[in-house]
Amino acid sequence: MARIYLDNNASTSIRPEVFEAMQPYFLEHYGNASSAHAYGQEARGAVEEARALVAALLKGAPGEIVFTSGGTESDNLAVIGAARALRSKGRHVVTTAIEHDAVRHAGDLLELEGFEVTRVAPGPDGRVAPQAIEAAIRADTILVTVMAANNETGVIQPMAEIGAVCAAKGVAFHTDAVQAAGKVPIDVGAWQATMATITAHKFYGPKGAGALFIKRGFRPAPIQVGGDHEKGRRAGTENVPAIVGLGRAAELAAADLATVPARIAALRDRLEAGVESRVPHVVRHGAAAPRVCNTAHVSFVGAEGEHLILSLDMKGIAVSSGAACKAGSSHPSHVLLAMGVPANVAQAAVRFSLGRSTTEADIDRVLEIVPGVVEKLRRGSPTLAS
């Protein structure tokens, strides 16, 4: 049975060019990048080249890039580290009700440490109004953190406008740009971002490699200590092969922005149009707002989302309900609930996230299978909610 992978927001495959770039740093150039000898300097050179490539993707400077183990660590360093560094100026943080758990739970931890966190709700379309962020900022606000693109709905937030609000108020601004990288242009300068998070495995790089842009002159408190790596901002021996992979993936993603997102968006639109024409009682989430090219979040009302995911997997189609870190959760999406979606509709949601390798034939095959699977699940449901 041929399998179709439509869970690229959870993780992408490594591109062959990325894997090829990484290989020598496993087998030949295996030195510690902090060592002074030739082996170490080979590794250091590769790390710094990758730093420049990541900076180019974000339109920042190489010295503003800190390598981490991934999106979660970068978000934690940004949110927790910034709050701790700025606590003498205030103890209020503003975020949104639709953030990834890496930011949500960082906020929970800050509350345990005595900070106050305001979580701004989006509109029904999934967008957070800059005016709502502005209204939430107080005299003691030290940090605003808003994701650039939502991992479940794909909705893109008005980053430049929110960044302008933060700049005018003199408040540090972080964005989780994990789902934006490689799908939309990122410009940390135009966004007036103080910090921005990305991770390689969302744009065809390796897992375990992430980066945090930190604007020159700003310094969050380290959350990992032990050495002076990354100019004292993140202790720990650099994972050179993974960092090389991140750099190469960033280079390829930047080159693809002119053409690949438009092709994937056309396939996403084909999928959504086909689902709506073939399956009754369907709700598309975030479709009225700007979205990244590859994401369709759909509720098949009357069919349990988790059951639908398992049924499609048995047919060779890999999809998800939203965040990969919540796989198996029976709770409705906090993102959809924050958008005002009724719990029974949110419970029926499935996320299709397309990738570079997705074809028209894949989409057409999915459209052949989904209606029958949904109908069967609905027959087993006691009621069809409306």
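Predicted model: local features only at pLDDT ≥ 70, side-chain atom pairs only at ≥ 80, totals over all residues.
Residues are numbered from 1 along each chain as its sequence is written, and side-chain values use heavy atoms, with hydrogens and water left out.

Let me start with the interior. A nonpolar core here is a set of buried Ala, Val, Leu, Ile, Met, Phe, Trp, Tyr and Cys residues joined through side-chain atoms within 4.5 Å, where buried means under 20% relative accessible area, exposed over 50%, and partly exposed in between, with a 1.4 Å probe and protein chains only. The largest such core has 66 residues, and those with the most contacts inside it are Ile 198 and Phe 203. Helix 9, residues 240-256, gives the most to this core, with 9 residues; helices, as I use the word, are DSSP runs of H or I with at least four residues, numbered from the N terminus.

Which residues does Ile 198 contact, leaving aside its neighbours within four places in sequence? Taking contact as heavy atoms within 4.5 Å, its partners include Val 54, Leu 57, Leu 58, Ala 177, Val 178, Phe 203 and Leu 246. There is also a second, separate core of 30 residues, which includes Leu 271, Val 275, Phe 352 and Val 366.

Now to the helix pairs. Two packed helices are described by the angle between their axes and the distance between the axes. The axes are lines fitted to C-alpha atoms, for helices over the stretch in contact, and angles run from 0 to 180 degrees between N-to-C directions.

Helix 10, residues 260-278, and helix 14, residues 360-379, have axes that come within 10 Å and cross at roughly 20 degrees. That makes helix 10 roughly parallel to helix 14, given that angles under 35 degrees count as roughly parallel, over 145 as roughly antiparallel, 65 to 115 as roughly perpendicular and the rest as oblique. On the helix 10 side, the contact is made by residues including Leu 271 and Val 275, and on the helix 14 side Val 366 is one of the residues involved. By class, this contact has 7 nonpolar, 1 polar and 5 charged residues, where Ala, Val, Leu, Ile, Met, Phe, Trp, Tyr, Cys and Pro count as nonpolar, Asp, Glu, Lys and Arg as charged, and the others, Gly among them, as polar.

Helix 14 also meets helix 11, residues 305-314, with axes that come within 10 Å and cross at roughly 135 degrees, and helix 11 and helix 14 are therefore oblique to each other. Here His 307, Leu 308, Ser 311 and Leu 312 of helix 11 contact Ile 369, Val 370, Val 373, Val 374 and Leu 377 of helix 14, and these residues divide into 7 nonpolar, 2 polar and no charged.

Finally, some single residues. Ala 46, in helix 3 (residues 38-58), counts as buried at 8% relative accessibility, and touches Tyr 25 and Val 244, not counting residues up to four places away in sequence.

Most residues other than glycine have a negative phi. Glu 230, however, has a positive phi of about 50 degrees, and Lys 231 has one of about 55 degrees. Glu 230 lies in helix 8, residues 229-232, where Lys 231 is also found. Are they buried or exposed? Glu 230 counts as buried at 6% relative accessibility, whereas Lys 231, at 59%, counts as exposed.

Key: Helix = DSSP H or I, 4+ residues; strand = E, 2+ residues; numbered from the N terminus.
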